[in-house]
Amino acid sequence: MRTTTARAHPNIALVKYWGKADEDLILPAAGSLSLTLDQFPTTTTVAPAPSAELDVLELDGRPADAGQTARISDFLDHVRTLAGRDERVIVRSRNSVPTGAGLASSASGFAALATAAAAAFDLDLSPRDLSRLARLGSGSACRSIAEGVAVWHAGDDASSFAEPVDAPDMRMIIVTVDRARKAVSSREAMRATAATSPFYSGWVSSTEDYLRQMLVACRAGDFTRIGEITESHALRMHGLIQSTVPPIRFLNPTSHAIFDAVAEAREQGIEAYSTADAGPNVAVIVRPSDAGALAGRLTAFGDVRVVGPGPGAHLCTEEGAAVPAAAVDAAAPVAVPASEPASEGGRA
Ligand code: DP6
């Protein structure tokens, strides 16, 4: 075993994942597609703790609570099983995105953890197998293994992974309207939706249909169609979530006002489309040439950050230079000091 550090970025889905076909293997009911961002990274160090009886988890410099530690430890059990080893580890993780506020910190978190832990346990996984591993921590994390726009295939354990797809260059404007932790987690909420919404089966089939259309639009470089599907699918997801019994709502009045402002900008010739994950923050896709102008307008609603397509999860070398996880030879010297690098990217 060795000490390793990995970094991964959040992703925002343009075709959403909401509902599982298998809770244990975290297989989605339908495929999805996302943009991995170039900001808000999570940096995670995994160090051996051979004499410890339990894994130790430190999150943003503080000991994690029992629930977080149990979830990480369960995930590390998958890595230990794959590696045929049983050592406990110390995990130190630092987020530069507000944890649990609907900006996909679980995606960057489990993608960074999967990458660091696989290397720490001397597993030499292909990008596909690393994505499958990250999926077992949090479904959306499998997409943060891949760079830029990525499709996560529905399927069985072997065939459900994410991989990059060609797409036109775009920017995303993240409008943070609230940094508080969500009242209900995505995991619990999607379980409740699947169990109680009368619209759930229609949601699954319409997601499959939209994903097919989205892949065609990405291949064709058709930004307009990508945007139309993105906004329509986000609104469908939030409609579906609100149909859960008892109802769940993630969008707040400011979120809706941002959707309206973006629609108004569109009428005035700035082509942009909104989406939102399981929280009130809104992400707006826009052509690179329009990003500055639109970002200026959206500052009225919250903290605004313009982001672009980012790298897939990767190991960090001692010097801080990054190397793609899958390109690292298991024997290469990638050990880093136990103290993690400072997190990148402050907020606008
Ligand atoms: C709304 O990946 O956090 O962001 O698999 O249970 O860990 P688990 O759920 P998670 O759900 C993400 C939901 C979403 C949509 C998406 O990212 O596709």
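Biologist: Leaving aside its neighbours within four places in sequence, which residues is Ser-106 in contact with?
Modeller: Ser-106 touches Ser-138, Ser-140 and Ala-141, where contact means heavy atoms within 4.5 Å. This is a predicted model, in which local features need pLDDT of at least 70 and side-chain atom pairs count only at pLDDT 80 or more, while totals for chains, interfaces and linings use all residues. Residues are numbered from 1 along each chain as its sequence is written, and side-chain values use heavy atoms, with hydrogens and water left out.

Biologist: And where is Ser-106 placed?
Modeller: Ser-106 belongs to helix α2, with helices (H or I, at least four residues) and strands (E, at least two) taken as DSSP runs numbered from the N terminus. Its relative accessible area is 29%, which makes Ser-106 partly exposed (between buried, under 20%, and exposed, over 50%, with a 1.4 Å probe and protein chains only). The C-alpha atoms of Ser-106 and Thr-42 are 9.4 Å apart, although 64 residues separate the two along the chain.

Biologist: At what angle do α2 and α3 pack?
Modeller: Helix α2 (residues 105–120) packs with helix α3 (residues 127–137) at about 125°, and their axes are 9 Å apart; axes are lines fitted to C-alpha atoms, for helices over the stretch in contact, and angles run from 0 to 180 degrees between N-to-C directions. The two helices are therefore oblique to each other, the class left over after roughly parallel (under 35 degrees), roughly antiparallel (over 145) and roughly perpendicular (65 to 115).

Biologist: Which residues of α2 and α3 meet there?
Modeller: Phe-110, Ala-111, Ala-114, Thr-115 and Ala-118 of α2 meet Leu-130, Leu-133, Ala-134 and Gly-137 of α3.

Biologist: Switching to sheets, what is the strand order in the one with β2?
Modeller: The order is β2-β5-β10-β11, an open sheet of four strands with antiparallel pairing, and strands pair if DSSP finds at least two bridges between them. Both β2 (11–15) and β11 (162–164) are edge strands with a single partner, so one side of each has no neighbour in the sheet. From one strand to the next, the twist averages 30°. Four bridges join β2 to β5 (residues 32–36) in the antiparallel sense, and Asn-11 stands opposite Thr-36 in β5.

Biologist: How many bridges link β12 and β15?
Modeller: Five bridges, again antiparallel, link strand β12 (residues 171–176) with β15, and Asp-303 in β15 is the bridge partner of Thr-176. Helix α9 (residues 291–298) packs on that sheet, touching β12, β13, β14 and β15, and its direction makes about 10° with that of β12.
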